[in-house]
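Here is a briefing on one structure, grouped by topic. Please look over the sequence and the coordinates first.

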Amino acid sequence: MKNSLATIILCFLTSLGIAQGTITLNGGGTSQKNYYSEIDYESSDGTPVVKVIIGGKTYRFILDTGAPNVISKELLEKLPPANINRNGFKKEAVWDASDKVDSLNIITLSGIKLGNVVFDNIPTLVMNDQFLFDCYRFDGVIGSNMLRNSIIQISSKTRKLILTDQPEKLQLKNKPSDSLYLDYAQSTPSVFVNMMDIDTVDMPMVFDTGDRGFFSLALNHYKVLEKGQIFKVLGKSTGSTGVSAHGIERDTTLYNLRARELRLHGALFKNTSMLTTPAEESRIGAKLLNYGVVTLAYSTRKFYFEPFQSAVDLLIAPFPVMLGFKKDKVTIGTIWDEKLKDRISVGDSVLALDDQDISRFTLCDLVKATTIFDEKNEILLTLKNLEGKVNKIKIARQ
């Protein structure tokens, strides 16, 4: 897993959740039986993007297992009235992956054709903010509430999703599996991950394909685990580095961590870096798909992971700062190295990275600049502080 200045500005793409015990979005489904569909997908930095047909027209939807179904306001205005039912729900408070909340309308959407399977009466959120839809040119989200009675397999090597209700078609009977836990509100799937250093712990983590990262640790989980020897703390900073469905994360206390060993369904990940997140749940993101085939058997509550190799060492030295975005400017989002804090500050504007001028970067430009500096070991930053003074500083992986 690469640790770049530019990769974590969009840690969480669209993951959304409603409060437990309020309402459930687990409604509707498909009347088809014995279905099996192979669906090509494109990758948005690891997150699967699929073609969905509604009302005879084709749209681009992200597959986000950490969210329910979502559409943009723009798509709502385009869809035929026969596909939409606005009755039965009121506005509901919805939290995004950075724990920010907004009130969203909920409709039920019918005639959603994914592959050769049609889903009807699916509770669907309507987003207020168009930013992510416009930036990534997608129209909606296929979420776990629609998939809760199906089995879905994702292979990054073939770039195919398999959607079925027949486990025998995937030859799952004799394959080892872990328990898959689905929440009441929207069937968000969770599995247990073993985290080990001197001490060891089994951690519940949401499997979230809308998270473009790998592993992230909820701040409330960190506060419990910090009493043991589970991971190494590489740095602590106040700031923000992420964008979620409701916008830029609020400033919070962040920790940069490294776990010596993570075990997921028999696969071993060594020296895994992770950040804390203000979200309530720890997460496994879409980067897991780089390392194996994932099968979510929602219908039988089973999780399957077939790794491409049994052990992977993810050790890489991190940069001592990470980028953020404030007031229409790229900024220093976090500073992990205490020795740098007398030379630069969180909130300083970033004018250039090496010889690349980024002073005119929009938020969309930045979140899509995911791998520009992955192969670099040092970078020259041109910064402007809050007093307007411009200075240059070279940073290197530590």
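Is Ser187 buried or exposed? Ser187 is buried, with a relative accessible area of 4%. Buried means under 20% relative accessible area, exposed means over 50%, and partly exposed lies in between, with a 1.4 Å probe and protein chains only.

This is a predicted model; local features need pLDDT of at least 70, side-chain atom pairs count only at pLDDT 80 or more, and totals for chains, interfaces and linings use all residues. Residues are numbered from 1 along each chain as its sequence is written, and side-chain values use heavy atoms, with hydrogens and water left out.

**Confidence**

- The chain has a mean pLDDT of 86. pLDDT is the predictor's confidence in each residue, from 0 to 100.
- 87% of the residues reach 70 or more.
- Residues 1-14 have a pLDDT below 50. Beyond near neighbours in sequence, this stretch still has 78 contacts in the model. Contact means heavy atoms within 4.5 Å.
- Where pLDDT is low, the predicted coordinates should not be read in detail.

**The open sheet**

- Six strands form an open sheet, with "6 strands" in the order β2-β15-β14-β27-β28-β16 and antiparallel pairing.
- Strands (E, at least two residues) and helices (H or I, at least four) are DSSP runs, numbered from the N terminus. Two strands pair if DSSP finds at least two bridges between them.
- The edges are β2 (36-40) and β16 (178-179), each of which pairs on one side only.
- β2 runs antiparallel to β15 (residues 160-164), with 5 bridges between them. Within β15, Leu163 is the residue opposite Ser37.

**Strand β4 and its partners**

- β3 (residues 42-44) pairs with β4 in the antiparallel sense through 3 bridges. Glu42 faces Val49 of β4.
- The β3-β4 hairpin has 2 residues between its strands. Asp45 has a positive phi there, near 50 degrees.
- β4 also pairs with β5 (residues 57-64), antiparallel, over 6 bridges. Val49 has Ile62 of β5 as its bridge partner.
- The hairpin of β4 and β5 again has 2 residues between the strands. Gly55 in this turn has a positive phi of about 60 degrees.
- A further antiparallel partner of β4 is β10 (residues 112-114), joined by 2 bridges. Here Val52 stands opposite Leu114.

- Gly115 sits in the loop between β10 and β11 (117-119).
- Gly115 is partly exposed, at 32% relative accessible area.
- Val50 is 65 residues from Gly115 in sequence, yet their C-alpha atoms are 9.0 Å apart.
- Gly115 touches Ser37 and Ile39, not counting residues up to four places away in sequence.

- Most residues other than glycine have a negative phi.
- Ser187 has a positive phi near 65 degrees. Ser187 belongs to the loop between β17 (181-182) and β18 (189-196).
- Asn271 has a positive phi near 55 degrees. Asn271 lies in strand β25 (residues 267-277) and is buried at 19% relative accessible area.

**Aromatic rings**

- The whole structure holds 10 aromatic pairs. Rings of Phe, Tyr and Trp (its six-membered ring) pair if their centres lie within 6.5 Å; planes under 30 degrees apart count as stacked, over 60 as edge-to-face and the rest as tilted.
- Phe214 and Phe215 form a tilted pair, with 4.4 Å centre to centre and 35 degrees between the planes.
- Phe214 is buried at 1% relative accessible area, and Phe215 is buried at 3%.
- Ring pairs link Phe214, Phe215, Phe269 and Tyr291 into a cluster.
- The charged end of Lys157 sits over the ring of Phe308, 4.2 Å from the ring centre. The criterion is NZ of Lys or CZ of Arg within 6 Å of the ring centre and within 35 degrees of the ring normal.

**Ser282**

- Ser282 is in the loop between β25 and β26 (283-284). Its relative accessibility is 0%, which counts as buried.
- A polar atom of the Ser282 side chain lies 2.9 Å from the backbone nitrogen of Ala218.
- Beyond four places in sequence, the contacts of Ser282 include Met203, Pro204, Ser216 and His221.

Conventions. A polar contact is a pair of N or O atoms within 3.5 Å; within protein, one must be able to donate a hydrogen and the other to accept it, and residues adjacent in sequence count only if both atoms are side-chain atoms.
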